[in-house]
Amino acid sequence: MMIKTTVQQQVDWLAQFGLTEDGGVTRLLYTAEWQQAQQALRTRMEQGGLTTDIDAVGNVFGRIEGTQTDDIILTGSHVDTVVNGGKLDGAYGVIASIVAVTELLEEHGRPKKTLEVVSLCEEEGSRFPLTFWGSRSVVGQYNLAHMDGVIDQHGIPLHVARAACGIDGVPTVRRVNRFVELHIEQGQVLERKQKDIGVVTHIVGQRRYTITIRGESNHAGTTPMPYRQDALVAAATCIARFTEEANAFDDTLVATTGQMHISPNVPNVIANDVKFTLDVRHYDEATIIAYCEKIFSALAEIAAQHGVTYGIEQWLDVAPVAMDAHVNEWVKTYLQQHDISYEEMVSGAGHDAQVFGEVVPTTLLFVPSKDGISHSPKEYTAAEQLQTGIDVLKAVLYQLAY
Ligand SMILES: [Zn+2]
């Protein structure tokens with residue numbers, strides 16, 4: 001029998017593993033803090049009556065065998081954090097899944113379908129540049145070969161760090177029939193609309209590009225305006241135009257330029273080479289394609305007007321993923337019946353749910369984030385809202401497994 005503690009106590013308990021001076025958490029893959037957290041979670045799962053195991057990459061699972069079928073409903077989130085991140089990102093979903101499943105076992109006995117909780121590793125890619133290392137290994141998209149040549153910022157190879165934790169073996173595909181994740185929103189929509197639960201319909205697709213504009217460097221004083229091939233003016237015109245098109249295109253499409261390199265980057269010289277990034281996100285792939293076609297034809301026009309040449313390099317292409325609409329309908333009815341306010345929404349950030357959502361029916365639910373802040377020690381959700389999230393998760397798991 002577990003001693004009942006509040007959600008806030010549990011969040012603070014898990015945050016002790018990697019707690020930073022300013023109240024944040026740094027819990028990077030295969031570090032001592034990470035190992036301690038996974039071990040402590042495993043113990044907690046066992047105290048709750050679950051049978052546990054750790055797989056070949058370090059994901060920790062806790063299981064209650066179903067009485068009728070061997071269908072597996074998996075629920076959980078990630079235990080790793082960014083550097084000096086918050087106490088809730090990922091961790092809240094792990095805690096919530098353990099609380100929900102152990103309480104269900106206590107109150108209703110064994111489910112018809114198998115329930116598994118999971119504490120996933122390296123969702124963020126904060127120590128090693130392998131985002132979703134844990135979840136992608138479970139579904140078979142990553143294997144041992146993906147570890148080759150992967151090092152952290154101190155030059156430590158991934159396989160060395162893994163072995164140092166006593167984790168070994170070959171990742172194998174694990175059978176999962178359904179995935180349910182509870183997570184903080186990491187945005188301001190729920191708070192602004194004063195809603196307690198976000199019912200996620202899609203996780204956005206993303207494309208990222210680097211666009212290079214080439215003009216000609218010349219003297220800022222002696223080159224009359226009509227004679228210029230100014231790469232920076234052309235780039236600035238493009239960014240303004242891309243933003244205008246994004247505003248006009250669709251309510252939910254977002255386009256961002258967050259990085260720019262200007263050459264030679266000197267105050268009195270016209271720039272001859274400018275590189276800038278473009279990040280485009282939407283829940284519908286066709287919309288992303290249509291937007292990109294439109295702005296790239298605008299780019300051709302602008303380049304011609306300014307007498308510059310250009311190149312487009314795409315380096316990220318992630319397809320949008322739809323969450324299980326059928327379960328969402330059930331969730332919305334449940335929330336209405338229990339007078340819990342909610343908002344149907346698209347997730348603009350990536351989550352383990354998108355990895356599972358590509359292969360099995362998946363559900364993603366959000367609780368509000370104060371001021372939308374995340375990846376920061378200031379990450380905060382009121383205790384009552386955290387509890388509401390767990391209540392809803394528990395209801396969903398009961399509906400699916402019992
Ligand atoms: Zn997260």
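Predicted model: local features only at pLDDT ≥ 70, side-chain atom pairs only at ≥ 80, totals over all residues.

Reader: What other strands does strand 6 pair with?
Author: Strand 6 is joined to strand 13 (residues 342-347) by six bridges, and these two run parallel, with Ile203 standing opposite Ser347. Strand 6 also pairs with strand 14 (residues 362-367), in the antiparallel sense and over two bridges, and there Val199 has Leu365 as its bridge partner.

Reader: And is strand 6 mostly covered or mostly open?
Author: Mostly covered, since six of the seven residues in strand 6 (residues 197-203) are buried.

Reader: Let me switch to strand 2. Which strands pair with strand 2 there?
Author: Strand 1 (residues 51-54) is joined to strand 2 by four bridges in an antiparallel arrangement, and strand 4 (residues 114-120) is joined to strand 2 by five bridges, again antiparallel.

Reader: What sits between strand 1 and strand 2?
Author: The two strands form a hairpin with five residues between them, and in the turn Gly58 has a positive phi of about 115°.

Reader: Why would you call strand 2 largely enclosed?
Author: Because four of the five residues of strand 2 (residues 60-64) are buried, the strand is largely enclosed by the rest of the structure.

Reader: Now the helices. How does the span of helix 3 compare with what its 18 residues should give?
Author: Helix 3 (residues 91-108) should span 26 Å at 1.5 Å a residue, and its end C-alpha atoms are 26 Å apart, so the two values agree. Just after helix 3 comes Gly109, with a positive phi of about 75°.

Reader: Take Ala100 in helix 3. Is Ala100 buried or exposed, and why?
Author: Ala100 is buried, because 25 other C-beta atoms lie within 10 Å and the cut-off for that class is 20 or more.

Reader: Which residues does Ala100 touch, apart from its neighbours in sequence?
Author: Setting aside residues up to four places away in sequence, Ala100 touches Ile390, Leu393, Lys394 and Leu397. As for Thr75, which is 25 residues from Ala100 along the chain, the separation between their C-alpha atoms is 9.6 Å.

Reader: Changing topic, what does the domain assignment of the chain give?
Author: The assignment gives domain 1 as 7-203 + 320-401 and domain 2 as 205-318. The centres of domain 1 and domain 2, taken over C-alpha atoms, are separated by 37 Å.

Reader: How many residues are in contact between domain 1 and domain 2?
Author: Four residues of domain 1 are in contact with eight residues of domain 2. On the domain 1 side of that contact, two residues are nonpolar, two are polar and none is charged.

Reader: I was also looking at Leu253; where does Leu253 lie?
Author: Leu253 lies in the loop between helix 7 (231-249) and strand 8 (254-256). Leu253 is buried, because 20 other C-beta atoms lie within 10 Å and 20 or more is what the class requires.

Reader: What is Leu253 in contact with?
Author: Leaving out neighbours within four places in sequence, Leu253 is in contact with Ala246, His282, Thr287 and Tyr291. Between Leu253 and Ile289, which are 36 residues apart in sequence, the C-alpha to C-alpha distance is 11 Å.

Reader: Last, the chain as a whole: how many helices and strands are there, and what does the C-alpha trace span?
Author: The secondary structure comes to 11 helices and 14 strands, and along its principal axes the C-alpha trace spans about 80 × 50 × 40 Å. Of the 402 residues, 44% count as buried. Among contacts between residues at least 6 apart in sequence, 77% join residues at least 24 apart.

Methods
Residues numbered from 1 in each chain as written. Buried ≥ 20, exposed ≤ 12 C-beta atoms within 10 Å, placed from the backbone. Pairing = 2+ DSSP bridges. Expected span 1.5 Å × (residues − 1). Domains from an automatic or database assignment. Contact = placed C-beta atoms within 7 Å. Nonpolar A, V, L, I, M, F, W, Y, C, P; charged D, E, K, R; others polar.
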